[in-house]
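Welcome! Please take a moment to look over the sequence and the model before reading on.

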Amino acid sequence: MIRIRKSIRVARGVADCYRYLVDFSTSEQWDPAVYRAAKRTPGAPGVGTEFDVTVSLFGRRRELRYRIESLAPGTAIVLCGTGAGMVSEERIELVADGDATTVEYRADFTLTGLLGWSKPAARALVERMTGAALAGLRDALEIDTTPPRQGWRDYIADRSLIAAAPSFTERGYLALDDKAHSEFMDDRVVVVTGATGGIGEAIAAEYARLGATTVIVGRDAQRLAAAATRVRDFAGCAAERVTTVEADLLDLAQTRAAADALVAAHPRIDVLVNNAGALFAERATTADGFERTFAINLVAPFVLTEGLMPALGAARGRVVNMSSGGMYLQPLVLADLNFAEGRFDGTKAYARAKRGLVALTRHWARRYAETGVTFNAMHPGWVATAGVAQSLPGFNRALGRFLRDARMGADTAVWLGASRAAGRINGEFFFDRRPHPTAVLPNTRVRPSEAQQLHGWLRNATGMDGHGVG
Ligand SMILES: NC(=O)c1ccc[n+]([C@@H]2O[C@H](COP(=O)([O-])OP(=O)(O)OC[C@H]3O[C@@H](n4cnc5c(N)ncnc54)[C@H](OP(=O)(O)O)[C@@H]3O)[C@@H](O)[C@H]2O)c1
């Protein structure tokens, strides 16, 4: 048996440390050896809750099952882990130390597999792994308020799209220094569109776990109800913390009605994530006369955001717009926003609409600067979702095993709405928690005057009045 005793001091209160740790699936955010972790047992973590934890050991993925054996609410968590050639009993004790917390970690590891052959080597390995895990935990719990800047490596990679592409896979996410979501959002309201599956559902689930009242917007009552149940199961929150609003965002009247209903129910909205999006191979127009790709990716976020401005302003809230790296390849075509001219190409239409959304984001940031609402856009990386499998089957087949999962794709959208560091940034385009340039190829830069024209066009076409100046 290998016995480990370690402790760290974390600049965070005991209650927050306990709340974060008791859902042990957060270990994927702070333990560098953990590839993925998931809570198997729906609901709030308690004695008997089980977690599936996939660790990377010697370049191979191994599965462990953890179970909460006992809890001293607010002060101690005892877990038992089995798998990957070991059985462990791990006790995490939290001791108040002024405003900070001392985390005492005690674990007994019994090695049953290959690791058991050489006890000194195994001890060194376990010492190293637990040390790295605790250092990661300390970083995850400490709140960094410094807004991130683009590093020189990103700067070079961004200017050669091909060099940047590998980071769009899960490799990019796994290399992130900080994957933590530990800044709780009790008493805040978050609205996420397109949260009946894929990245949007993962975004909603993480916000709900952070304690936000989470409203998911979707077009199908049954899919909405099923998604709300999954989000509650993941977050372990009370039923009333996750609510739904039904609207087909391809329909102008329904989108406006959704905005009105949201403002009536929530006079203060802290975060709006315009995540719903789609890529259509064939050209068709909505009942309101918009080309569908343009309608869902640009018109709907416009209508919803403008409609929610009173509630977003009241909370000095944040808007997160889900764009795509595909937008780098296309300019904004102001003269033909509905792609009525030339041969229709769904991928181009999608990239143009996402480019428009990024331009609009920057415009909103300027236009509404005095409201205190911030606007940022982002790219989630390449993520394995039903949407990708359906709209880009070739891409999905070729890159399948390298793609991110939905939680990886959701990471930056949660960080932008939840973290204090991101609250200090306005009008930027993010990928993996860092700002990136919006135009790399010639003639793809959108000038402020063009973004203003886009805004004016959308106002005229949708009849939305706007709440800002100019
Ligand atoms: N996956 C990627 O690699 C990737 C890369 C770059 C950007 N993105 C962007 O990330 C966002 C999420 O993508 P995803 O891959 O998670 O897509 P997804 O699996 O297709 O999910 C799209 C979501 O949007 C909803 N939606 C679509 N049309 C709607 C409508 N008319 N009204 C209301 N809701 C509607 C869908 O609801 P239903 O359940 O009703 O269909 C679903 O919840 C999109 O904006 C996408 O463009 C994704």
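Residue numbers start from 1 along each chain as its sequence is written. This is a predicted model, in which local features need pLDDT of at least 70 and side-chain atom pairs count only at pLDDT 80 or more, while totals for chains, interfaces and linings use all residues.

Let us begin with the strands. Helices (H or I, at least four residues) and strands (E, at least two) are DSSP runs, numbered from the N terminus, and two strands pair if DSSP finds at least two bridges between them.

| Antiparallel pair | Bridges |
|---|---|
| β3 (residues 50-57) and β4 (residues 60-72) | 8 bridges |
| β4 and β5 (residues 76-83) | 8 bridges |

In the hairpin of β3 and β4, 2 residues lie between the strands, and F58 in the turn has a positive phi of about 50 degrees. L57 stands opposite R60 of β4. The hairpin of β4 and β5 has 3 residues between its strands, with G74 at a positive phi near 85 degrees. I68 has L79 in β5 as its bridge partner.

Next comes the ligand. Around it are 29 residues (C-beta atom, placed from the backbone, within 6 Å), and G194, G198, G277, T385 and G387 come nearest. Helices α7 (198-209) and α12 (386-391) each supply at least two residues of this shell.

Finally, look at helix α14 (residues 406-418). 13 of its 13 residues are buried (20 or more other C-beta atoms, placed from the backbone, within 10 Å of a residue's own), so α14 is largely enclosed by the rest of the structure.

Terms used
A residue is buried if 20 or more other C-beta atoms lie within 10 Å of its own, exposed if 12 or fewer, and partly exposed in between; C-beta atoms are placed from the backbone.
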